[in-house]
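Reader: I'm new to this one, could you walk me through it? Please put the structure up before we start.
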Amino acid sequence: FRNFHIPHCDAPGLVAVMDRSGIDVTVLSAHAAISSDYRRGNDESLAAADQFPSRLLVYAVVNPNYCQQQMAAELTRCFAHPAVRGIKLHPELHGDYPLDSPGYEAAWEFAAEHGIPVLSHTYFAGDPLTTFARLAERYPEATLLVGHAGLDHGLDAIRRLVQDHPNVMLDLCGTLVQVGVVEVLAKIIGADRLLKTVTASIPAGGGTVDIPVADDWGAGAYVT
């Protein structure tokens with residue numbers, strides 16, 4: 001990946017880290033998919049899921065810089081595979097393409113038609129929370145997962161977004177490491193609107209990552 005080194009980044013390496021960390025299932029998308037070649041990346045993700053069918057699930061990725069017919073066809077192809085459970089969009093790596101612009105329309109329509117969750121990020125210079133609000137209203141049948149809880153926009157703003165839109169949920173991975181933020185979110189928004197997740201760094205050369213998976217995580221811990 002362009003921003004950081006990821007050792008042992010193939011499927012066996014990922015599963016080995018999962019084993020050491022007490023993680024049952026990972027929902028993944030390949031870095032090739034969110035950047036240079038979404039079809040190749042989706043193929044890599046599907047191959048990984050085929051290699052570890054009980055451990056790896058997949059976010060399908062599409063790119064708005066290609067035609068809508070290609071996007072719809074790729075989503076249909078991917079969701080024919082039983083491991084694919086959601087869509088991941090990464091506007092920052094798609095030329096800062098606005099999340100509610102026409103290039104993503106086929107993805108949103110597909111998600112709404114099939115009741116599929118869509119994971120995307122806000123980031124400081126990315127789409128504002130008002131864009132997520134418009135999409136939530138435009139596609140009420142889809143579930144919007146706001147990456148990193150959208151906390152780069154502040155607690156008050158993300159609280160209003162979630163409270164006003166029942167189809168918006170917060171992904172807690174990498175919540176900007178604010179002390180006590182999960183407890184605050186659970187109190188002001190409700191635990192049922194939070195995806196319980198943990199972000200961990202893997203040491204160069206590999207190593208043990210301590211992730212506090214507890215019994216109340218249910219039938220499996222999911223990592224994206």
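Reader: How are α7 and α8 oriented to each other?
Author: They are oblique to each other, because angles under 35 degrees count as roughly parallel, over 145 as roughly antiparallel, 65 to 115 as roughly perpendicular and the rest as oblique. The axes of α7 (residues 155-164) and α8 (residues 181-188) cross at roughly 40 degrees and come within 11 Å. This is a predicted model, where local features need pLDDT of at least 70, side-chain atom pairs count only at pLDDT 80 or more, and totals for chains, interfaces and linings use all residues. Residues are numbered from 1 along each chain as its sequence is written, and side-chain values use heavy atoms, with hydrogens and water left out.
Reader: Which residues meet there?
Author: From α7, L155, I158, R159 and Q163 meet V181, V184, L185 and I188 of α8, where contact means heavy atoms within 4.5 Å. These residues divide into 6 nonpolar, 1 polar and 1 charged.
Reader: Changing topic, what about the largest nonpolar core, how many residues has it?
Author: The largest nonpolar core has 52 residues, and those with the most contacts inside it are L89, W108, L170 and L185. Such a core is a set of buried Ala, Val, Leu, Ile, Met, Phe, Trp, Tyr and Cys residues joined through side-chain atoms within 4.5 Å, and buried means under 20% relative accessible area with a 1.4 Å probe, protein chains only.
Reader: And what does L170 touch?
Author: Not counting residues up to four places away in sequence, L170 touches several residues, including I158, L185 and R193.
Reader: How much of the protein is buried?
Author: Buried residues make up 49% of the 224 residues.

Key. Axes fitted to C-alpha atoms, helices over the stretch in contact; angles between N-to-C directions. Helix = DSSP H or I, 4+ residues; strand = E, 2+ residues; numbered from the N terminus. Nonpolar A, V, L, I, M, F, W, Y, C, P; charged D, E, K, R; others polar. Buried < 20%, exposed > 50% of the residue type's maximum accessible area, 1.4 Å probe, protein only.
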